[in-house]
Amino acid sequence: MLIKFDFNNMMESSIGDQGIKESDIEAVKDKAKDAYQYFEQNRGKGWMEWSELPYNQENVVRDIIYEAAEIRAKYKNFVVLGIGGSALGPMAVFNALCHLKYNDLEEKKRGVKFYVEDNVDPERMYALLDVIDPKETVFNVITKSGATSETMSQYLIITDILKKKCGEEWAKHIIATTSENKGNLIKLAKKEGFKTYFIPEGVGGRFSELCPVGLLPAAVLGIDIISLLRGASEIDKACNSSDPYKNPALMAATLQFIAMNKGKNISVMMPYADSLKLMADWYCQLWGESLGKAADLQGNIVHAGQTPVKALGVTDQHSQVQLYTEGPFDKVITLIGVKNFRKDIEIAQGVEEFPDVNFLCGHTMGELINTEREATEYALTRSKHMNNTILLDSVNANTIGQLMMFFQLETAYVGKMLNIDTFNQPGVEEGKNATYAMFNRKGYEAKKAELDAAPKKNAKYII
Ligand code: PA5
């Protein structure tokens with residue numbers, strides 16, 4: 001069953017003059033059509049290779065499923081070393097499709113333990129080493145560039161430990177997922193003989209979950225990666241129209257584009273399911289890194305973008321929702337609802353004498369969370385704040401594939417409508433290059449000189 005996009009509460013008919021008129025959609029119809037056509041014409045080309053991932057990976061999927069079974073049979077832990085687009089997808093899919101306390105389950109009820117290490121906090125590295133035995137662990141080093149300082153420093157620490165603990169066998173504990181032709185990791189992989197998976201050249205980090213970056217970790221966790229890809233292809237085919245009313249991702253993009261022009265600078269992603277909590281993190285990177293651009297395609301300074309914010313229903317009803325209902329009209333709030341939870345639990349009887357609590361008894365937690373979602377939707381709408389809902393029938397590999405592809409399509413369409421380069425990340429590169437310069441990396445002398453010449457901090461402002 002396909003996910004549903006309900007945009008009633010983006011519209012003037014629901015939220016009055018804060019809302020979007022059908023004539024507003026009509027006014028940008030040509031831009032939307034152009035975005036759709038551009039996408040279709042460039043499918044599978046340049047930085048849009050990700051659009052073909054649901055269709056062109058038969059051999060690699062077969063290999064991954066085989067390799068995953070071997071890993072599950074031989075090892076106790078699977079650790080991803082990666083950051084950004086090389087970590088957020090695997091984390092989101094793990095959280096969505098595995099038991100919510102997966103690593104705490106007893107061994108026979110789960111597969112290998114799973115960790116994603118996406119930071120260079122030394123305490124975190126020690127904590128990992130406290131709970132895994134490297135001899136029983138496979139480390140999946142994921143970096144497309146093969147140059148990212150965070151991932152390569154983790155790689156160096158772990159390979160040093162493996163060499164000491166596993167002797168000649170150490171290289172069997174590393175799987176490299178990287179570019180086939182560029183970067184250091186592929187060179188190291190060839191030298192050391194690591195098992196290797198390739199990230200296609202035209203697949204950027206934040207669009208890479210449906211290639212081996214995400215497929216190998218998912219398969220190791222026993223997730224049905226064929227269904228994941230099939231879900232992505234199903235929504236892709238359902239978005240096969242240049243008319244926003246017939247293409248849900250294009251409608252979502254069109255509405256966000258109009259909303260941005262109306263000063264809605266914030267996009268809140270608020271799933272009402274713990275299993276989708278990290279999907280909001282993944283979305284934040286996709287939306288933020290893709291759309292936050294200083295210049296448009298002609299080089300004009302535009303400072304485009306919409307700040308993505310993650311929230312969790314119902315938890316953040318008791319934290320953020322006060323602001324969302326009564327604060328500035330600067331947000332679009334996207335709720336994600338799940339109709340049928342994989343498990344539900346009845347709220348027991350026991351307080352007949354307290355009507356203030358008793359009204360809950362006999363209902364289920366699933367009913368409660370969904371009723372609260374609808375109640376929040378009502379409160380947001382009543383206070384005239386733009387909101388929309390993406391509804392999943394249930395959380396499974398197919399609907400997760402759909403959801404991720406939906407957001408990727410939406411992002412690509414909006415990027416085109418904004419006339420920016422959706423697929424680069426000069427702001428991220430700037431930080432990476434500054435780190436290289438501060439560590440005196442060869443080739444970064446000019447950047448070092450630039451940093452040295454930058455104005456120094458004023459001690460007066462540090463108190
Ligand atoms: O989306 C992106 O391209 C980035 O977030 C990258 O994924 C991130 O910087 C990690 O890069 P790499 O995979 O080259 O280590």
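**Loops, rings and a ligand**

Colleague: Where does valine 314 lie?

Modeller: Valine 314 lies in the loop between strand S10 (307-310) and helix H13 (321-326), and please keep in mind throughout that this is a predicted model.

Colleague: And what kind of peptide bond joins glycine 313 and valine 314?

Modeller: The peptide bond between glycine 313 and valine 314 is cis, with omega at about 0°.

Colleague: Staying with the backbone, what is phi of histidine 303 near?

Modeller: Phi of histidine 303 is near 45°, which is a positive value in a residue other than glycine. Histidine 303 has its place in strand S9 (residues 301-304), and with a relative accessible area of 61% it is exposed.

Colleague: What about lysine 384, where is its place?

Modeller: Lysine 384 is in the loop between helix H15 (365-382) and strand S12 (387-392), and although it is not a glycine, lysine 384 has a positive phi of about 70°.

Colleague: Is phenylalanine 5 buried or exposed?

Modeller: Phenylalanine 5 is buried, with a relative accessible area of 15%. Ring pairs also link Phe5 and Phe7 with Tyr283, Trp287, Phe406 and Phe407 into a cluster.

Colleague: Why is the pair of phenylalanine 94 and phenylalanine 114 tilted?

Modeller: The ring centres of phenylalanine 94 and phenylalanine 114 are 4.7 Å apart and the planes stand at 55°; stacked needs an angle under 30 degrees and edge-to-face one over 60, so this pair counts as tilted.

Colleague: Which parts does that pair tie together?

Modeller: Phenylalanine 94 lies in helix H5 (residues 88-97) and phenylalanine 114 in strand S3 (residues 113-117), so the pair ties together parts that are 20 residues apart in sequence. Phenylalanine 94 is buried at a relative accessible area of 18%, and phenylalanine 114 is buried at 2%.

Colleague: Which charged end sits over the ring of tyrosine 436?

Modeller: That is the charged end of arginine 441, which sits 4.2 Å from the centre of the tyrosine 436 ring. In another such arrangement, lysine 416 lies over the face of tyrosine 38, at 4.4 Å from the ring centre.

Colleague: On to the ligand, how many residues surround it?

Modeller: The ligand is surrounded by 14 residues, of which Ser86, Thr143, Ser145, Thr148 and Gln285 are the closest. By class, the shell around the ligand divides into 1 nonpolar, 9 polar and 4 charged residues.

Colleague: What is 2.8 Å from an N or O atom in the side chain of serine 86?

Modeller: An oxygen atom of the ligand is at that distance from the serine 86 side chain, and a ligand oxygen is likewise 3.0 Å from an N or O atom in the side chain of glutamate 289. At glycine 205 it is a backbone N or O atom that lies 3.5 Å from an oxygen atom of the ligand.

Colleague: How much of the ligand's accessible area does the protein cover?

Modeller: On its own the ligand has 380 Å² of accessible area, and the protein covers 91% of that.

Definitions and conventions: Residues are numbered from 1 along each chain as its sequence is written. This is a predicted model: local features need pLDDT of at least 70, side-chain atom pairs count only at pLDDT 80 or more; totals for chains, interfaces and linings use all residues. Side-chain values use heavy atoms; hydrogens and water are left out. Buried means under 20% relative accessible area, exposed over 50%, partly exposed in between (1.4 Å probe, protein chains only). Rings of Phe, Tyr and Trp (its six-membered ring) pair if their centres lie within 6.5 Å; planes under 30 degrees apart count as stacked, over 60 as edge-to-face and the rest as tilted. Helices (H or I, at least four residues) and strands (E, at least two) are DSSP runs, numbered from the N terminus. A charge sits over a ring if NZ of Lys or CZ of Arg is within 6 Å of the ring centre and within 35 degrees of the ring normal. A residue is near a molecule or strand if one of its heavy atoms lies within 4 Å of it. A polar contact is a pair of N or O atoms within 3.5 Å; within protein, one must be able to donate a hydrogen and the other to accept it, and residues adjacent in sequence count only if both atoms are side-chain atoms. Accessible areas come from the Shrake-Rupley method with a 1.4 Å probe; for residues, only the protein chains shown count as cover. Ala, Val, Leu, Ile, Met, Phe, Trp, Tyr, Cys and Pro count as nonpolar, Asp, Glu, Lys and Arg as charged, and the others, Gly among them, as polar.
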